Amino acid sequence: GDSAVVAGLGDSRCVLGGANGRFRAVTCDHTPAAKAERARIEACGGEVGSFPDEPPPEVTGKGRLFVRGKMFPGLALSRAFGDLVAKSVGLSA
């Protein structure tokens, strides 16, 4: 028929491609600097920042997830499975 099943997992962007060569994103990226993601991270005691050799989230629009005041875990995503430290400061599955 004319249907498709689409699934997303964690931070992976889901892209739909057609026979005509056109593609479109059907989900958004979940980066720590996104407004809703940052709000959840900060409410859980985490912070969004960058490593010293990287541009800040205000420049890249992405950022990394850290334990407040620490330089770990430094994940460049806000949704994933398996990181219990990051989960304690706002990582969501």
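C44 is partly exposed, at a relative accessible area of 40%; here buried means under 20% relative accessible area, exposed over 50%, and partly exposed in between (1.4 Å probe, protein chains only). The structure is a predicted model, in which local features need pLDDT of at least 70 and side-chain atom pairs count only at pLDDT 80 or more, while totals for chains, interfaces and linings use all residues. Residues are numbered from 1 along each chain as its sequence is written, and side-chain values use heavy atoms, with hydrogens and water left out.

The cysteines can be considered next. The sulfur of C44 has its closest cysteine sulfur in C28, 18 Å away, which is too far for a bond. For C28, the closest cysteine sulfur belongs to C14, and the separation of 11 Å is again too far for a bond. A search of the whole structure accordingly returns zero disulfides, a disulfide being a pair of cysteine sulfur atoms within 2.5 Å.

Setting aside neighbours within four places in sequence, V89 is in contact with I41, C44, G45, G46, L65, F66 and V67, where contact means heavy atoms within 4.5 Å. V89 is itself a member of the largest nonpolar core, whose seven residues are I41, V48, L65, V67, A86, V89 and L91. Such a core is a set of buried Ala, Val, Leu, Ile, Met, Phe, Trp, Tyr and Cys residues joined through side-chain atoms within 4.5 Å. In soluble globular proteins, nonpolar side chains tend to be buried together.

V6, L16 and V26 make a nonpolar surface patch of about 200 Å². Patches are built from residues with over 30% relative accessible area and no salt bridge, like charges being joined within 9 Å and nonpolar side chains (Val, Leu, Ile, Met, Phe, Trp, Tyr) within 5 Å; accessible areas come from the Shrake-Rupley method with a 1.4 Å probe, and for residues only the protein chains shown count as cover. V26 is partly exposed, with a relative accessible area of 34%, and sits in the loop between β2 (23-25) and α1 (35-43). Helices (H or I, at least four residues) and strands (E, at least two) are DSSP runs, numbered from the N terminus.

Turning to charged pairs, the structure holds five salt bridges, each defined as a side-chain nitrogen of Lys or Arg within 4 Å of a carboxyl oxygen of Asp or Glu. One of them links R40 to E37, with the closest N and O atoms 3.0 Å apart. The two residues are three apart in helix α1, and therefore about one helical turn separates R40 from E37. R40 is partly exposed at 22% relative accessibility, whereas E37 is buried at 4%. E37 also forms a salt bridge with R79 (2.8 Å, N to O). Because E37 lies in helix α1 and R79 in the loop between β5 (73-75) and α3 (84-87), this pair ties together parts that are 42 residues apart in sequence. R79 is partly exposed, with a relative accessible area of 24%.

A further salt bridge joins E42 and R38 (3.9 Å, N to O). Both residues lie in helix α1, four residues apart, about one turn of the helix. E42 is partly exposed at 37% relative accessible area, as is R38 at 21%. Through shared partners, salt bridges join E37, R40 and R79 into one network.
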